Amino acid sequence: MVWTSRPVKSLKGAVRAPGDKSCSHRALIFGGLAEGTSHFTGMLEGDDVLRTGAAMSALGADVKRLGGGAWEVTGVGTKGLSSPAGVLDFGNSGTGSRLMMGVMAGHALTAELTGDKSLCSRPMNRILTPLRQMGLKDTAGPDGRLPFSLTGSKNLQAITYAPPQASAQVKSAVLLAGLSANGTTIVEEAKPTRDHTERMLRGFGVDVGVERKPGEPTRISIKGGQTLRAIEAAIPGDPSSAAFLVAAGILSPASDVQVDGVMSNPTRSGFYDVANLMGAHLGAEEAGEAAGERQINIASGYAQLKGIHVPERYVAAMIDEFPILAVLAAFAEGETVVTGAEELRVKESDRIDATVAMLRANGVEAEGTPDGFIVQGCAGKVPGGGLVQTHHDHRIAMSALVMGTATQNPVRVDDISMIDTSYPDFLAHMATLGADISEG
Ligand code: S3P
């Protein structure tokens, strides 16, 4: 079903950021592995997270959704999960499926895993390769795509692993397998990626070592056989979802947008740093802590941006924000160049191709490169008028709808149903700010 976003004169209002997707997945997984009953508030209730909850429940944890973002999870202990009765369907979620592979690897269970068309096209060997070294058995073919089945083991062997990609999902899967392996598992991380697994496991009482030496990979270590203790935690707001509203504020003349309760963690803040480098004037006000993470309220108003070459050191900390960054680049003056972001080719869609096609369909000159893209900014006057193909990618859909609030002509999107995977309140929040988005 096609949806249309029409240009509006201004966007104004305050919205609370939805619960962070990465932290919500981890809360359900770690709660299910803990001893005792955990309580979480402010959870994201997008489809991706619901599927992780369903998977943990099928494996034996007691997972209850109490309503309004509150959840109660009674865990089974570190090696307490058992074979599920049916197939585990992770829908669109790379994070849910990959982290759960790491968890299941350390249990004496067999499970069949699947997902939607997008997930079944994404590479899983990046996870299976280290887990096989530790003792996982699986039926994945040479290209490692879902669906496949896997059999874990209570006798995994610890490894030292240096992932070839900068990936928090790979790091997390190996650390989670390491939690129930014999010995100490070490992940050597060349470029820092989001550190929620390390931080949240510590919150559950697990000893996670992090050793940083200048010029060397960070060594993250976890000794097998540790116990997780149940916790009570509020989930911080999602900086990746907030980025769409913040971008809408920057693009719209006479806007005044505030997004409250956004997690501020250096491994996630690349988009905000780069937007400021391009000329945005984002305000930040302290908003307390949640689950050991700093939170801020972000104020966003109109700014005429300038194109830049995005410094590669920001790439990992904004890996999910490149489609919306490309929208900012389209409105900027001059050229924006992204390099060092080849991981975008294996996200929910090939995000380099999908992002470039989104801009071109709306009259913006853009080209893809093997590891990024180049956008020629229109200095505020983006034609619009195009139909964007989302390729089942929520972040392409939201980026296109935000773009349409400030283009010269409406922007249409082929399907927006998958926005529910990460941000079910997106349309409601955009409507609160005064956006004109409707079906047809
Ligand atoms: C995530 C890690 C990132 C990110 C994804 C969430 C996580 O993927 O793109 O949306 O919660 O660990 P990679 O680690 O594969 O880059």
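The shell around the ligand is made up of three nonpolar, four polar and five charged residues; here Ala, Val, Leu, Ile, Met, Phe, Trp, Tyr, Cys and Pro count as nonpolar, Asp, Glu, Lys and Arg as charged, and the others, Gly among them, as polar. The model is a predicted one, in which local features need pLDDT of at least 70 and side-chain atom pairs count only at pLDDT 80 or more, while totals for chains, interfaces and linings use all residues. Residues are numbered from 1 along each chain as its sequence is written, and side-chain values use heavy atoms, with hydrogens and water left out.

Which residues surround the ligand? They are Lys21, Ser22, Arg26, Thr95, Ala166, Ser167, Ala168, Gln169, Arg194, Ile319, Asp320 and Lys347, a residue being included if one of its heavy atoms lies within 4 Å of the molecule. Helix α1 (21–33) provides three residues, the largest share of this shell, and α5 (168–178) supplies at least two; helices are DSSP runs of H or I with at least four residues, strands are runs of E with at least two, and both are numbered from the N terminus. Domain 1 (3–19 + 236–439) and domain 2 (21–234) each give at least three residues to the shell, with bounds taken from an automatic or database domain assignment.

A polar side-chain atom of Ser22 lies 2.7 Å from a ligand oxygen. For Arg26, an N or O atom of the side chain is 2.7 Å from an oxygen atom of the ligand, and the side chain of Lys347 likewise places an N or O atom 2.7 Å from a ligand oxygen. Of the 380 Å² of accessible area that the ligand has on its own, the protein covers 96%, as computed by the Shrake-Rupley method with a 1.4 Å probe.

Two backbone features are also worth a look. Leu146 and Pro147 are joined by a cis peptide bond, with omega about 0°, and Pro147 belongs to the loop between β8 (137–138) and β9 (148–151). Ala379 is not a glycine, yet has a positive phi of about 50°; this alanine lies in the loop between β20 (372–376) and β21 (387–388).

Conventions:
A polar contact is a pair of N or O atoms within 3.5 Å; within protein, one must be able to donate a hydrogen and the other to accept it, and residues adjacent in sequence count only if both atoms are side-chain atoms.
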